[in-house]
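Student: I have a model open and want to learn how to read single residues in it. Can you walk me through a few?

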Amino acid sequence: MQAYVNEKCIGCGLCVSLCGDVFSMDDNGLAKAIPENVPPSTEAMVIEAKTNCPAVAIETTGH
């Protein structure tokens, strides 16, 4: 699975608080995801972040 943060991000930080191994905040205060595949041990947390993102800014591929 890969995770992406699209242009709808509002910088709330929810994804970072739920899954800091995959998401972080950039210099502009918006979220970004690691460029490589999400470790299997964090996939459930990524899905939780995607489901709860208030801006619907998280996209995933491969699952």
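Tutor: Start with Asn-52, which lies in helix H2. Helices (H or I, at least four residues) and strands (E, at least two) are DSSP runs, numbered from the N terminus. This is a predicted model: local features need pLDDT of at least 70, side-chain atom pairs count only at pLDDT 80 or more, and totals for chains, interfaces and linings use all residues. Residues are numbered from 1 along each chain as its sequence is written, and side-chain values use heavy atoms, with hydrogens and water left out.

Student: Which backbone oxygen lies 2.8 Å from a polar atom of the Asn-52 side chain?

Tutor: That of Glu-48.

Student: Where is Val-56 found?

Tutor: In the loop between helix H2 (43-52) and S4. Val-56 is exposed because its relative accessible area is 54%. Check the backbone too: phi of Val-56 is near 55°, a positive value in a residue other than glycine.

Student: What about Thr-60: buried or exposed?

Tutor: Thr-60 sits in strand S4 (residues 58-61). Its relative accessibility is 14%, so Thr-60 counts as buried.

Student: Which residues does Thr-60 touch?

Tutor: Contact means heavy atoms within 4.5 Å. Leaving out residues up to four places away in sequence, Thr-60 touches Met-1, Gln-2, Ala-3, Val-46 and Lys-50. The Lys-50 and Thr-60 side chains are 3.0 Å apart in a polar contact.

How values were computed: Buried < 20%, exposed > 50% of the residue type's maximum accessible area, 1.4 Å probe, protein only. Polar contact = N/O pair within 3.5 Å; in protein donor to acceptor, adjacent residues only side chain to side chain.
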